[in-house]
Amino acid sequence: MTVRISDDAVAIACGADAVAAAFIAAGVAVERVSSWGMHWLEPLVDIDGIGYGPVSVDQVADIINGNALSLGRIEDHPFIANQTRLTFARAGKTRPLSLDDYYASDGWLGLARAREMGAQATIDTVMTSGLRGRGGAGFPAGIKWQTVARASGDQKYIVCNADEGDSATFADRMVMEGDPFMLIEGMAIAGLAVGADKGYVYIRSEYPHAIAKMEAAIKLSAHLVAPFVVEVRVGAGAYICGEETSLLNSLEGKRGEVRAKPPLPALEGLFGKPTIVNNVLTLAAIPWVLQHGGEAYAAFGAGRSRGTMPIQIAGNVKHGGLYEVAFGITLGELVHDIGGGTASGRPVRCVQVGGPLGAYIPPAQFHLPFDYEAFAAADALIGHAGVNIFDDTVDMAQMARFAMEFCAVESCGKCTPCRLGSTRGVETMDQIIAGKNVDANLALIADLSETMKFGSLCALGGFTPYPVMSAIKHFPEDFG
Amino acid sequence: MTSVADILAGHKDKEGPLLPILHDVQKVFGHVSEEAMREIAHALNLTRAEVYGVVSFYHDFRKEAEPRPVLKLCRAEACKARGVEALVPIADNQSRIKVEAIYCLGLCAVGPSAMVGEKVYARLDGAKFKTLLEAM
C-alpha cells in the first residue's frame with residue numbers, strides 16, 4: 001500500500017502534515033507528492049490511485065482499515081478527467097524533489113531535444129507553438145526569445161517572474177512546489193536558445209515553501225543544466241515587482257520602481273543586458289513544447305490563443321483548484337459546471353478574472369470564451385487566469401474602493417496618475433459610499449479612471465480602472 | 001552571533017546583493033537599523049539615502065523591531081470572497097498579537113488564510129482564528 005499525500009502549501013495549510021504523521025504513526029509509509037489541484041479535497045489521501053478527502057486525523061484509522069468512503073479513482077474524477085494537463089501532467093503523481101520521478105515521467109527530454117537541434121531551431125519551435133506570455137500581457141514568447149537571441153551582449157540573462165501577487169492565482173506556486181525541475185528545465189532551454197548562461201527566479205517572500213523547493217531543486221539538478229546556472233532571489237513584499245521592469249530593478253538591488261519602455265528588457269534588461277523575462281507558466285510550458293513539437297502545442301486552443309492555460313478557480317467556489325484546459329472554454333462552464341457554483345450555496349453575483357487589476361464580470365457575460373482577444377473585446381482581461389467567484393453578499397462599492405486602496409498601497413510612486421490617482425480614488429469612493437454627491441463623484445471617478453488608464457506608466461495604475469469601472473457599470477445599484 | 005559584517009561577507013560575490021543582504025539582516029536582527037544601513041551602504045559603495053530608499057520601499061523590511069508576535073492575514077479579493085473581513089474585528093479586539101494585512105498567500109480556494117513565520121493556515125473561521133491567535 002502506497003499512501004500519497006501532498007506537501008503543497010495548500011495541503012499543509014489544510015492539515016496535511018498531521019494526517020501524514022498519523023499514517024506514519026500507524027506504521028504506514030507515506031510519500032509526499034505534488035498536489036492534484038483539487039483544493040477543496042485537501043488534505044487528499046491517495047492510496048494506490050484511490051482518493052480520500054478532505055481527510056482529518058481522526059479518519060486515518062478507518063481509511064487504513066478500509067472502512068472509509070472513497071472518492072474512487074482520482075484520475076477518473078471529472079475535475080481531473082476533463083482537463084488537458086500538459087504543464088500539470090505530473091501534478092499529484094510525483095515527488096517534487098525526486099530526480100528519479102522526474103526522469104521516469106519524461107523529465108529532461110525537452111532539454112535534450114533543444115541541445116540536439118540547437119538554438120535557432122529551438123526558438124523556431126517556440127514560435128510555431130504560438131505560446132504567449134502567461135503572466136498577463138500575452139506577448140508571443142517566440143518573438144521575445146528571437147529578440148534576445150539577436151541582441152548583442154557579452155552577458156544575457158533568463159529571468160523567471162515568480163512574483164505571483166494576484167489574488168486568486170496560485171499556478172506558479174504549484175509549479176514551483178510541485179514540479180520545480182520542469183521550471184528549471186524550461187529556463188535552461190531558454191538559456192540555450194538565446195545564449196544566456198545565468199538565470200534568476202524571482203520569487204515573492206509570501207511563498208516560503210516555493211522558495212525552499214526551488215532552492216533544493218536547483219542544487220539537485222545543477223549538473224544537469226550546466227553550464228547554465230540558476231539562482232533564486234526573494235522579493236520583499238512589493239506587489240509591483242511582478243511588473244517586469246520593476247522586478248529587474250529589484251533584482252539589481254534597487255527600489256522596485258517601474259522603468260519607462262523603451263528600452264525593452266529584451267535589449268536592455270537586467271544590469272542593462274539583453275534579458276528574457278518570462279512568467280513561471282510560460283517557462284514551465286517549454287519542456288512539453290520542445291519534447292512534443294510546436295505544432296502539437298498549437299493544436300490546442302482557440303483563435304490566436306494557442307495551447308492550454310492553467311486556470312485557477314478560486315474564491316467563494318465549491319470546487320476550487322487548478323484547472324488546465326485548452327483556451328476557448330467559457331466562463332460559465334468554469335464557474336458552474338466545473339466549479340459547482342459558490343461554496344456558500346448562494347447565487348453567484350460576479351467573478352473577477354485576472355487578479356486585482358481584472359474586471360468584475362456579471363453572469364450575463366458568462367458566455368465569454370477564455371481567450372485573450374475575446375476578453376479584451378469585452379473590456380476585461382485574462383491576466384494570469386485567476387477566476388475569483390463572489391456570491392450575492394458582496395458589496396461592489398467596497399470592492400471598487402478596495403481596488404483603489406490596493407493600488408495606493410502597492411504603487412511604486414514613480415508616476416503621478418497611479419500614485420495620487422489611487423489615493424484620490426479611495427477618498428472619492430468613500431464619499432460615494434457615504435452617499436455624498438453621488439452622481440458628481442461617480443463622474444469624477446470615471447474621469448480619474450480615464451486619466452489613470454492612459455497616463456500611468458505600467459499596468460498597476462493603468463488597469464486599476466478595470467475593476468472600478470466594471471463594478472460601477474455592471475452593479476450600479478451598489479453605488480449610492 | 002552573526003554580525004552585519006558576516007552577512008556582507010556572505011554575499012560579496014553576488015550580482016545586485018542588496019536585497020539578499022537586507023533579508024538576512026532583517027532575519028537575524030528583526031529589523032534593519034540605522035547603523036546596519038550605514039554599514040551596508042559603506043560596503044556596497046552606495047549612499048546611505050540609497051539604502052534607506054530601498055529599505056523603506058519594501059513592506060518586508062522594518063526600520064524598528066516589532067516586539068509582538070506577528071500574524072499575516074490575507075485580505076485580498078479571494079479571501080474577501082470567502083469572508084475574511086468577518087475576522088478583522090477579532091484581530092482588532094486584541095493587541096497582544098500584531099495582525100498585519102497581506103495580499104495573497106496563493107491559497108485562494110481554501111481561504112481565509114494566514115501565515116505565522118513560515119507556517120500557513122487555511123479555512124479559518126471565527127473560532128479557528130481565535131484559537132490560532134491565542135496559541136501564539
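Start by selecting H17(A) and H18(A), where Ala397(A), Ala400(A), Arg401(A), Met404(A), Glu405(A), Cys407(A) and Ala408(A) of H17(A) meet residues of H18(A), including Cys418(A), Ser422(A), Val426(A), Met429(A) and Ile433(A). Contact here means C-beta atoms, placed from the backbone, within 7 Å. The residues of this contact split into 10 nonpolar, 3 polar and 3 charged (Ala, Val, Leu, Ile, Met, Phe, Trp, Tyr, Cys and Pro are nonpolar; Asp, Glu, Lys and Arg are charged; the others, Gly among them, are polar).

This is a predicted model, so local features need pLDDT of at least 70 and side-chain atom pairs count only at pLDDT 80 or more, while totals for chains, interfaces and linings use all residues. Residues are numbered from 1 along each chain as its sequence is written, with chains lettered from A and ligands numbered from 1 in the order in which they are written.

Now look at the axes of the pair: H17 (396–410) and H18 (416–433) of chain A pack at about 155°, 8 Å apart. H17(A) and H18(A) are therefore roughly antiparallel (an angle over 145 degrees).

Next, colour chain A by domain: 3–81 is domain 1, 99–298 domain 2, 301–391 domain 3 and 396–478 domain 4. The bounds come from an automatic or database domain assignment. Between the C-alpha centres of domains 1 and 4 of chain A lie 44 Å.

Finally, show chain B. Its contact with chain A takes 33 residues from chain B and 49 from chain A. On the chain B side, pick out helices H2 (18–29), H4 (48–57) and H5 (77–81) plus strand S4 (119–121), the elements giving two or more residues.

How values were computed: Axes fitted to C-alpha atoms, helices over the stretch in contact; angles between N-to-C directions. Helix = DSSP H or I, 4+ residues; strand = E, 2+ residues; numbered from the N terminus. Parallel < 35°, antiparallel > 145°, perpendicular 65-115°, else oblique. Contact = placed C-beta atoms within 7 Å.
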